Structure formats: C-alpha cells, structure tokens
Amino acid sequence: MKIYTRTGDRGETSLYTGERVEKNSFRVNTYGMVDEANSALGMARAFAADPLIKEKIYRLQKLMPYLMADLASLNQPALIVDENIEELERGIDEMDAQLPPLKNFVIPGDTPTGAMLDLARTIVRRAERAFYTLGKLESVHEIDRVFLNRLSDYCFMLMRLADQSEKK
C-alpha cells in the first residue's frame, strides 16, 4: 500500500467511517489537535528518564487513538468509555497524593519532560475548546468532552510528577 493516495489533493479527507469532509472542518481540526497532543506526549516519553513516567505516558498514548477514532467517526458508539475516565481520575489522585500541595502557579520548564507534558496539556486544552465548537455544529460523544477535560488535568499532574522526579 502506498502512503499517498492523492484523494486529499483537493482539500478533502475521509473520516474513519468513510465520509468525505473538508480538511479544515471543525471535526478534522479537533482530532488533529488530539494527534498533536499525542505527538507531544511521545516527545515527553522519549525524553523521560524515569521509567514510571515513561509507562504512565505510554498508557495514556494508547488511549489517544480511541479518542481520535471517536472524533473521526459519525454515527458510531463511543470508543472512550467511563472506565477510561475513571483510570485517569485514579491516576490523578495517585499523583496528587505523591506531590506537595500547590502554593503558587506552576511555571513550566523545570525539566524537559515536564515542559513537553505541559505542552501536551495546552494542546489538549485547545482540543477541548475546539470540541466545544464542534459539539455546537455536529453530533459528538459527550464522554469525549469529559475525557479531554480529565486528560489535561492528568497531563498537568504528570508534569508535576516528572519535574519532581527529574530534579532529584
């Protein structure tokens, strides 16, 4: 199979479910932002020195294709499920228990891994805003909105954990 198909040369692409849409549609933009966040997570994982941080990022990355498939599909059941959100919430709570309470705003950049995780967080926040617009225009799975919200929180906590781990 060739990597290029030429089917997108005129500014359209196919959704996962086969429908043709413009490449600048809100749907394509939104799942593109999730793809960008996954790339930022991949960079963070590549730079992470702590094996536990690497594993947490990897487990998170394994969920991203499900979210992208939800966003790139029409009239299909959601692939993101309540258990995925519960897993993120458990992870957030576990990290919170390991970290000192926040007393100030966090300035990103203490460590390379933490900075990349914060970049992933901000991309997820952008995707969440785009999702809100998409939901005003088209049918979306509300569970994906909740997942995006928890995902950014998870990235924030993971950034703090990575900074603590790598500053030692």
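Ala, Val, Leu, Ile, Met, Phe, Trp, Tyr, Cys and Pro are counted here as nonpolar, Asp, Glu, Lys and Arg as charged, and the others, Gly among them, as polar. In this predicted model, the largest pocket has a lining that divides on that basis into six nonpolar, two polar and five charged residues. The volume of this pocket is about 230 Å³, and of the 13 residues that line the pocket, Leu102, Val106, Asp110, Arg160 and Lys167 lie nearest its centre.

Helix α1, which spans residues 26-47, and helix α2, which spans residues 51-71, cross at roughly 165°, and their axes come within 10 Å. Because angles over 145 degrees count as roughly antiparallel, α1 is described as roughly antiparallel to α2. The crossing of these two helices, α1 and α2, is left-handed. Among the residues that make the contact are Tyr31, Val34 and Leu41 of α1, together with Ile57, Leu60 and Met64 of α2; by class, the contact of α1 with α2 comprises 13 nonpolar, four polar and five charged residues.

Helix α3 (residues 82-98) and helix α5 (residues 142-166) form the other pair, packing at an angle of about 25° with their axes 9 Å apart. Since angles under 35 degrees count as roughly parallel, α3 is roughly parallel to α5, and the crossing of α3 and α5 is left-handed. Their contact includes Ile85, Leu88 and Ile92 of α3 and Val146, Phe147 and Leu151 of α5, and the residues in the contact of α3 with α5 comprise 12 nonpolar, four polar and five charged.

Methods
Residues are numbered from 1 along each chain as its sequence is written. This is a predicted model: local features need pLDDT of at least 70, side-chain atom pairs count only at pLDDT 80 or more; totals for chains, interfaces and linings use all residues. Side-chain values use heavy atoms; hydrogens and water are left out. Axes are lines fitted to C-alpha atoms, for helices over the stretch in contact, and angles run from 0 to 180 degrees between N-to-C directions. Helices (H or I, at least four residues) and strands (E, at least two) are DSSP runs, numbered from the N terminus. Angles under 35 degrees count as roughly parallel, over 145 as roughly antiparallel, 65 to 115 as roughly perpendicular and the rest as oblique. A crossing is left-handed if the near helix is turned anticlockwise from the far one by less than a right angle, and right-handed if clockwise. Contact means heavy atoms within 4.5 Å. On a 1 Å grid over the protein atoms alone, a cavity is a set of points where a 1.4 Å probe fits but cannot get out, and a pocket is an open set with protein on both sides within 12 Å along at least five of seven lines; lining residues have an atom within 4 Å of a point. Grid points are joined across faces, edges and corners, and a volume is the space filled by probe spheres set on the points.
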